Amino acid sequence: MDRYLRDVALALVPLHPNQHAYQAGKLVETALHQLVVLDEKVPDQQETALGLFLDTEGAFNNTCYEAMCDALARHRSEYTIMWWIRATLEGRVVVANLSRTSVRLAISRGCPQVGVLLLLLWCLVVNDLLTRLNGGGIFVQGCADDICLLAVGKFPNMVSGLMQLALLTIEMCCKEVGLSVNPDKTGLIAFIRKQKLQGFFEPRLFGVKLNLSGSVKYLGVILDSQLNWREHVEVKVKKAHNLLWAYRREFGAR
């Protein structure tokens with residue numbers, strides 16, 4: 001089924017080009033490079049870039065079967081393949097044993113963590129969100145369940161408005177596929193050389209105001225508003241220093 005989806009279904013209706021997971025020649029490094037190149041151009045053009053980094057709660061575990069089947073249909077998958085995938089997922093049962101007590105529970109959503117189709121099915125589901133958001137002044141890219149949005153413009157209030165419209169689209173998509181995004185863990189950062197933004201307003205996600213932060217972590221890399229990489233380097237140096245002393249304590253006494 002995996003080979004069929006990659007060679008047939010995705011050949012007819014491919015994944016969005018800004019999806020950097022499960023596509024040949026694309027990986028974490030290409031996603032970071034694409035985003036950083038866009039961000040570095042903004043200060044030179046006297047513009048403001050507002051970046052939003054979504055935290056999708058339990059993306060692989062909470063995706064409903066209807067959303068997966070709808071995504072397969074959009075990519076022109078055969079009905080038999082859709083039926084096989086759904087039947088396999090719906091037939092799963094979890095058994096928990098404690099002493100003499102045993103509990104059985106049927107799984108109603110999500111994919112097995114070690115499943116071959118896990119990443120591909122999620123990419124198919126989230127592909128519709130990437131397609132909807134790309135356009136209207138918003139750049140969006142995905143790397144599996146890590147989704148980043150970037151709004152660029154001359155005026156901070158216009159950039160804030162574009163991001164707010166994108167967040168409304170995200171709320172609608174989440175309701176359609178049964179997913180949720182945690183506003184408290186969603187990162188919002190402005191890539192600009194100025195210390196203050198004039199006319200900027202914080203957008204809201206599910207009624208919660210998103211506050212600007214000085215840095216965010218995306219795909220293992222810390223991005224700061226000035227893109228000087230100081231915080232990222234300091235964190236890596238500190239981690240290396242701690243590992244060095246840990247190894248020294250372990251092997252130095254021998």
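Helix α2 (residues 28–44) lies across β1, β4, β5 and β6 and runs at about 160° to β4. Helices (H or I, at least four residues) and strands (E, at least two) are DSSP runs numbered from the N terminus; contact means heavy atoms within 4.5 Å. Axes are lines fitted to C-alpha atoms, for helices over the stretch in contact, with angles from 0 to 180 degrees between N-to-C directions. The model is predicted, with local features requiring pLDDT of at least 70 and side-chain atom pairs pLDDT 80 or more, while totals for chains, interfaces and linings use all residues. Residues are numbered from 1 along each chain as its sequence is written, and side-chain values use heavy atoms, without hydrogens and water. Helix α6 (residues 118–133) lies across β4 and β5, also at about 160° to β4.

The 4 strands form an open sheet in the order β4-β5-β1-β6, with antiparallel pairing; two strands pair if DSSP finds at least two bridges between them. Strands β4 (138–143) and β6 (187–191) each have a single partner strand, so one side of each edge strand lacks a neighbour in the sheet. Neighbouring strands are turned by 15° against each other on average, direction ignored.

Strand β5 (residues 146–153) pairs with β1 (residues 48–55) over 8 bridges. Across this pairing, Ala-49 stands opposite Val-152 and Phe-53 opposite Cys-148. Antiparallel β4 and β5 are joined by 6 bridges, with Phe-139 partnered by Leu-150 of β5. The β4–β5 hairpin has 2 residues between its strands, and Ala-144 takes a positive phi near 65°. In β5, 6 of the 8 residues are buried, so the strand is largely enclosed by the rest of the structure; buried means under 20% relative accessible area, exposed over 50%, and partly exposed in between (1.4 Å probe, protein chains only).
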